[in-house]
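Q: Could you walk me through a few spots in this structure?

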Amino acid sequence: MSNTKKFTAVVVGLGLVTLSACGSAESGSGGSGDSRTVTLVSHDSWVVSKSVIAAFEKQSGYQVRVLKDGDAGQAVNKAVLTKDNPQGDVLFGVDNTLLSRALDNDLFQPYEAKDADQVEPEYRADQAQHRVTPVDTGDICVNYDKAYFSERELDPPKTLDDLIKPQYKNLLVTENAATSSPGLGFLLGTAAKYGDDGWPDYWKKLKANGVKVVDGWEQAYNEEFSGSASGKKAGGDRPLVVSYASSPPAEVVFADPKPKTAPTGVATGTCFRQVEYAGLLSNAKNPEGGKALIDFMLSEQFQEDMPLNMFVYPVREGAQVPEEFVKYGPQAEDPETMDPAKIAEHRDEWVKSWTSLVLK
């Protein structure tokens, strides 16, 4: 996988992607074909070092097969439709914006991972039944093009309130909340900040200030954003984009030659925290293999491998993050958050209102 493809996979927005198989086992329906193969169903951002998977296969005796199925929303929807005869044993990548949809549809069977008590308390969920295991976390935030603001001697925005100020008119591009995971996360962040009644007024002001909406992250970041390497090549002219707090270290890691400082920054007062989970699928063909794989996802080895592969943060207490993350992509100190139950109650209604308000 090329560097560009890797980075795209990390933060890809919603889109129709044909089901593909990765790994040495043959793909097919109905989950694992034998008791020594464990099948992971994931969104496209799944990337893990070959040596780490090899270590799991050696210590467990299971061979891992990975089925990638587009964005998290698409993967969850397909898992719901196939839950009686699931495509695999474990689903990875359902996040806090989609968790209720998975739980309400009885997608997972209970399993408490071996090191569940090592997960940072704020990332735990479904504590009564243990149907999901937290695996990673990340922040959806507005990123800015440092050069653009430096050349104009203009301070970049720091907060959501800043984005509606006149000096930032026609500078922001975001993703469609109805079709993109980061777009939905950004909408939820504004709802958390301004409340059930206040977020529509905020979006009216954001629309009046020239926000541009595109279908997904790849278009926003790689085509419209002037701060990314790919956006520059594509002639992107928007110096503000909804992306991730981990996007600046990705710009450094994948650059050749590597710059001394990241070309992009993060408006830390605009962030919404995501948590991704893995769950043992109901009717899994190989539940024991699935349990072993979930256990491994919480291991120190796996947790410390994630940052430079999937550009997310570990949830295990004490897991180390690479220097590039500490230097270029620290987590937001006070991100917006929302209880998954509240997301479940309002998500569809909010997306419908947002669509009418912003796109029409």
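Q: What do the buried residues of helix 10 pack against?
A: This is a predicted model, in which local features need pLDDT of at least 70, side-chain atom pairs count only at pLDDT 80 or more, and totals for chains, interfaces and linings use all residues. Residues are numbered from 1 along each chain as its sequence is written, and side-chain values use heavy atoms, with hydrogens and water left out. The buried residues of helix 10 pack against strand 2, helix 2, strand 4 (90-95), strand 5 (133-145), strand 9 (264-280) and helix 11 (300-305), where contact means heavy atoms within 4.5 Å.

Q: Why is helix 10 described as largely enclosed?
A: Because 8 of the 11 residues of helix 10 (residues 287-297) are buried, buried meaning under 20% relative accessible area with a 1.4 Å probe and protein chains only. Among them are Leu293, Ile294 and Phe296.

Q: Switching to His43, where is it?
A: His43 is in the loop between strand 2 (37-42) and helix 2 (50-60), and His43 counts as buried because its relative accessibility is 5%.

Q: Which side chains make polar contacts with the side chain of His43?
A: The side chain of Ser45 does, at 2.6 Å, and so does that of Glu276, also at 2.6 Å; a polar contact is a pair of N or O atoms within 3.5 Å, and within protein one must be able to donate a hydrogen and the other to accept it, while residues adjacent in sequence count only if both atoms are side-chain atoms.

Q: And which residue caps the N-terminal end of helix 14?
A: Asp339 does, with a side-chain oxygen 2.7 Å from the backbone nitrogen of Ala341.

Terms used:
Helices (H or I, at least four residues) and strands (E, at least two) are DSSP runs, numbered from the N terminus. Buried means under 20% relative accessible area, exposed over 50%, partly exposed in between (1.4 Å probe, protein chains only).
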